[in-house]
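Visitor: Could you walk me through this one? I'd like to learn how to read the strands, the helix and the core.

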Amino acid sequence: MSPAPAKGSKAKKAAAVSHANNEFLESVNYYFDKAAATMNLSAGLLDQIRVCNSVYYMQFPVRIKGDIKVVQAWRAEHSHHKLPAKGGIRYALSVDQDEVQALAALMTYKCAVVDVPFGGGKGGIRIDPKAYTVEELERITRRYTVELIHKNFIGPSVDVPAPDYGTGPREMAWIADTYQAFATGEINALACVTGKPVGQGGVRGRTAATGRGLFFAVREAVNDPKLMKKLKMDVGFAGKRCIVQGFGNVGYHAAKFLAEGGATVIGVIEWDGAVVNPKGIDIEALNAHRNKKGSITGFAGAKTIKDGNSVLEHDCEILVPAALESQIHKGNASKIKAKIIAEGANGPITSDAEEILLKKGIFVMPDMYVNAGGVVVSYFEWLKNISHVRFGRMDKRFEEGSNIRLVETIESLTGKKLTGAEKNLIARGADEEDLVNSGLEDTMISSYKTIMDIYYNNPKVKDMRTAAFVSSIDKIAQSYLSLGIFP
Ligand code: NAD
């Protein structure tokens, strides 16, 4: 059944959202087709890679404030070429089938580009999470999970959700608990969802993973002499000014790591305004201000600008849209002055805007690579859950013992003694967070090399997004070609 039509200005808003989501889905398919046109694959195989395998649209009742609220929700599994399917769950009023399908498709391409052996999935509930109490959100989340269980759209080897816009570790813990209650005796039940709190089977480093991964991606780009020469910039972060849109999970961590890495974050944009300071913004102080006041605006360490989105057009070297999709569109693309755009959000640039940006010589680093850190670390969490042991638990002490023996041997051979602090620094074994961050760093570096190898060496490929799609489509195609299709 279709949702009841909205009236008046609500209807206009709903139509605009639906149009934007349709545009987002079309953009993803446009990028796919653009890359596919450079490849030598059969039309049928490309069709199978492109289409969404299954979508479950549901409406369910939840008791809210003494009445019944009918909630609309979706879960899409774009591809089953690898299982489980994997992708976040979004709580927002903008959620609809086009949006969920576009995001699920992106997940397929994203997993392939960073060698995470999952198909793409995505879920969404059409609610404004701010309009509900914690108890009401828990009821909605648990009921949604039950719907997914009934239709076999969740499970450690079937489909594994994660957080996205409007959801976080709290919701993931409710999902895990609900799933466990139904899957009695299922030893891997906790692996049914990732992004859980660490005490409930989560992995250290997951919360910061997407922003950290974005930092590694941009660091690879600014340390790439060939690219810097092409963009007429010096190698390294020094002197590079960044503007970040969205100061949520991805935006905050991206801004923090970029600043720590040596870049100067000169602007941060939120839905209710932006703050700018050409000398650089103290990210931790801004975060503390936001936590206290509920908004980044009015921060003493920068100037507040009411029309936040106008700051997207300010002069800078690196622009990081990390809020929502379709933020850079044909209406503002020609005014963007950044030299590099690193997509922290999913789909922040519409396809018609991208053509304008590329013509201007702006280097666009695509979402499917740049924000893949979240799914990479989700994969590590899933591995931890199915192996039932914390990373580093078996070998940390052994590694430390070996390192200490090595240091002591060198000391006795050279007759020189290290200080206790120096010894500790060398001897320290890797704990879970070290291993997770190291695995993430390695993935982002090796994927950059694979994508840029296509970008530099395939004459038909003119931009990084097309290169990333070519890399991804090729891996998925190989998977279908080598496995065949059942039956
Ligand atoms: P979040 O809810 O933590 O943060 C989003 C932030 O954007 C919020 O602070 C919100 O106030 C702000 N915002 C909303 N509308 C805005 C506007 N018009 N202008 C400026 N700011 C606005 O969400 P998140 O997890 O950081 O996700 C952000 C984007 O990154 C989404 O597109 C999501 O799909 C994508 N993403 C997230 C992850 C992850 O691990 N969290 C991984 C990959 C991709």
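Guide: Let's begin with pairing: two strands pair if DSSP finds at least two bridges between them. Strands (E, at least two residues) and helices (H or I, at least four) are DSSP runs, numbered from the N terminus. This is a predicted model, where local features need pLDDT of at least 70 and side-chain atom pairs count only at pLDDT 80 or more, while totals for chains, interfaces and linings use all residues. Residues are numbered from 1 along each chain as its sequence is written, and side-chain values use heavy atoms, with hydrogens and water left out.

Visitor: How many bridges join β2 to β4?

Guide: Five, linking β2 (residues 67–77) to β4 in an antiparallel run. Trp-74 sits opposite Gly-124 there. On β3, Arg-90 also stands opposite Gly-124, and β3 runs parallel to β4, again with five bridges.

Visitor: Is β4 buried or exposed?

Guide: Buried means under 20% relative accessible area, exposed over 50%, and partly exposed in between (1.4 Å probe, protein chains only). Seven of the seven residues of β4 (residues 119–125) are buried, so the strand is largely enclosed by the rest of the structure. Gly-119, Gly-121, Gly-123 and Ile-125 point one way, with Gly-120, Lys-122 and Gly-124 pointing the other.

Visitor: Which strands are at the edges of the seven-stranded sheet?

Guide: The order is β9-β8-β7-β6-β10-β11-β12, an open sheet with mixed pairing. The edges are β9 (303–305) and β12 (363–365), each pairing on one side only. Inside the sheet, β6 (residues 241–245) and β10 (residues 318–321) run parallel with four bridges, and Cys-242 stands opposite Ile-318.

Visitor: What does α5 pack against?

Guide: First, the general idea: an α-helix has 3.6 residues a turn, so residues three or four places apart point the same way. In α5, the buried residues include Glu-171, Trp-174, Ile-175 and Thr-178. The helix's buried residues pack against β3 (85–91), α4 (134–150) and β5 (159–163).

Visitor: And which residues touch the most other members of the largest nonpolar core?

Guide: A nonpolar core is a set of buried Ala, Val, Leu, Ile, Met, Phe, Trp, Tyr and Cys residues joined through side-chain atoms within 4.5 Å. Of the 94 residues in the largest one, they are Met-365 and Tyr-369. This core draws at least three residues from each of domain 1 (8–200) and domain 2 (209–370), with bounds from an automatic or database domain assignment. A second, separate core of 28 residues includes Val-62, Ile-64, Tyr-179 and Ala-183.

Technical notes: Contact = heavy atoms within 4.5 Å.
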